[in-house]
Structure formats: C-alpha cells, structure tokens
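This report describes selected local features of one protein model. The sequence and structure are shown first.

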Amino acid sequence: MIAAAAPRVQAVEAGAYAIPTETPESDGTLEWDSTDVVVVHAHAAGHTGLGYTYCHPAAAQVVESTLAGVVEGADALSPPAAWARMQVQSRQLGHAGIAAMAVSAVDIALWDLKARLLDVCLADALPRFRDGVPMYGSGGFTSYSLEQIVQQLRGWAERGFAGVKMKVGRDKPADAERVRAARDAIGGHVELMVDGNGAYTPTEALAWAERFAADVGVTYFEEPVSSQDRDGLAHVRAHAPAGLAVAAGEYAWSLPDCQALLDAEAVDILQADVSRCAGITSLLRIDGLCQARSMPFSAHCVPAVIAHAGCAMQTLVHAEYFFDHQRIERMLFDGTLEPEAGRLTPDRSRPGLGLELRRDAARFGRGRGA
C-alpha cells in the first residue's frame, strides 16, 4: 500500500489590525489607547489555518518577507518541522521581540491548519491532558477609578472565576486603597493577584509584598521587578512572605529564556505567552521544562488560543482571561469561546481553534497586509 502524500503548505499571508481600547489604559510602567494585532493565514489542501499575535504591524512584514518562503512547501501535518525552519531563517533578525512574535503567529496558524486538515479541534490535535483551562479575570488597570475596578473585578467573581488580577505600581501610595477596594468587592473566597509590570525596585517590591499579603491576602505578585532583572526577581522570591508566589515570564521569547528564569530561581510560577514565546511548538516544550522542575505554569493572555494549547499542558494551573484580549478576539473573530464557571473549554465540534476572521475586520486595518 502506498501512503498518500502529505499535504503541503501552499501559501502564508499576514494582515495587521489596530483595535482602540474602550478607554485609555495603563499599568505600572506603560500607557496605551490601542492594541495592534497581526493575523496570519496558512493554506493547504483547501483548508486555512489562523494564527495571531499582539504585536506591531512590522511582524506582518517579517511573516511575508522572511518566514513565508521557508514555510510554504512544508508538510502541513508537521508544524514543528516548519517551526525549526523558521528558527533558522530568523537567525539574523534575532530570536526575540518582533521576530519571535512573527514566528508565534505562523506556528499557531500551522497548528490550527493541521487540526482542520484532521477535522478535529486543536486541543485534540495536541497531546490533550485536560478537557478545559481554568482562567482568572485580569484587568484592573491603574487608569481605572475605584468604581471601575470594583465593577470589573466583582463581575468576574460573580461569573465564577476563582481568581482576579489587577495592575499596581503607577501611583504606589494609592495602591493600598485600590487593593482594599478590590478585596472588598470580590470577597474572601476569590484569589486576589497583583501585577507590577516591573514598576518596583527589589526593596520596594518586598515592602509592598508584605503589605499586600498582610492587608488583603494577595497570593500572587507578577513581575514585581523587571523580568530582565533575574537577580532582583530571585531576591524578591527568596524574601517574600510565605504564601505569596512570585510570577514572571510573559516576555520570555524562547525556551532558553524560560530556562534562564528557572536557573536563577527567580519565580514560584513560570509564565509564558503563546503569542510571544515562538508559538505552540515552543509552549509544549516549556511545559516539559516545568515538569522537570515540578514548577507550576500560568499562561499569559491570548485566551482563544490558550483554551486549546493549555489543554496539552500538564503543569498549567491557570491562564489569564485578559480584558483587552478577550474583547479584541470577539471584535476580530467569529467563534470565540465563553467562560463557564471560570473555565474555557474547547468546542470539540469545531475544527482547529474554531475561529474565523470577521468579514468586517478590515475596518481595523493598519500597516502591511491589512
């Protein structure tokens, strides 16, 4: 019996979109009023896979000018082989930043394409470990009023999320009142998490860690100092109050970046973002790193993708249901999932991610390929 030839990737294309925020937003170190999204489509045998990353439109140019040429013609049923080609091709761009996010978007599109070719949902095309992914609500921007924080976080608690996260560190003296309002809004049974986005020095971070934990029972402190400062993160982790976990990794661009955080003993919980860390292929390997260290993993953002990819991760404890991203995904795509009791569960009747770019998405067009 002669085996049928594997379907080959016929074309890869990218478009860029800019989505305005509902209101101006900020965290401890950054302010923004819109978010750029680069969407990739990969075609083979009459099927189309979709991937995306939250990145500057330059990533679309990297996809079309640098990555498409080595992916086109690749075995559409072997995303890791195409991923390896992209790693070689992007060497002179550097394996971080825009290049890593461009690779991520293509890799996600290729996994989506494979699942569609097999006519199964993406979670089933991966080595499924769980049926759904526990999520925590995330927002609570530093630009929000107390009323907005209370309304948003209480809403997530009432919808069954076991945890919620808010931004801190921009106006440090005001944070005591902000986190107290958050705790009062969600009650004592919901985990309260804070994200410093690197706004503190190690000394400041420790002082606030003690206060957050003692005053309102904060149990999770994300990026108390910059992820670039592994020694600082390790110092905060070593001296933080018992019961408060230090988390970081959303700006890990690769497997070696995650390994470096683990080697530095910089985190209690490792993070990574599937749209930044070189895609699903890399994310599954990060899960292996965590398994080897008995290290829990928390997925950063991109809920529509992590709802599937997270099902393949043994070490995942939860994923971020980020306000901006869930809003953007609904605006750009048909087929997004709704959380139930704080979980996202893939629809096994829909092939791949189950997403389709909305026909009216062009109104958000920006940059090359839009």
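A polar contact is a pair of N or O atoms within 3.5 Å; within protein, one must be able to donate a hydrogen and the other to accept it. The model discussed here is predicted.

By that definition, the side chain of Asp273 makes a polar contact with the side chain of Ser275, at 2.7 Å. Asp273 sits in the loop that joins strand S9 (269-272) to helix H10 (279-293). Asp273 is buried, with a relative accessible area of 1%. Apart from neighbours within four places in sequence, Asp273 is in contact with Glu250, His300, Cys301 and Val302.

Helix H6 covers residues 172-186, which is 15 residues. From first C-alpha to last, H6 reaches 21 Å, close to the 21 Å expected at 1.5 Å a residue. The buried residues of H6 include Lys172, Asp175 and Arg178, along with Val179 and Ile186. The elements against which the buried residues of H6 pack are tabulated here.

| Element | Residues |
|---|---|
| Helix H5 | 146-158 |
| Strand S5 | 163-167 |
| Strand S6 | 191-195 |
| Helix H7 | 202-216 |

After H6 comes Gly187, with a positive phi near 85°.

The largest nonpolar core has 92 residues, and Tyr52 and Leu332 have the most contacts inside it. H7 supplies the largest share of this core, six residues. A second, separate core has 33 residues, among them Val9, Ala42, Val63 and Ala74. Leaving aside neighbours within four places in sequence, the contacts of Leu332 include Tyr17, Ile19, Val37, Val39 and Phe364.

Conventions
Residues numbered from 1 in each chain as written. Predicted model: local features only at pLDDT ≥ 70, side-chain atom pairs only at ≥ 80, totals over all residues. Heavy atoms only, no water. Helix = DSSP H or I, 4+ residues; strand = E, 2+ residues; numbered from the N terminus. Expected span 1.5 Å × (residues − 1). Buried < 20%, exposed > 50% of the residue type's maximum accessible area, 1.4 Å probe, protein only. Contact = heavy atoms within 4.5 Å. Core = buried A, V, L, I, M, F, W, Y, C linked by side-chain atoms within 4.5 Å.
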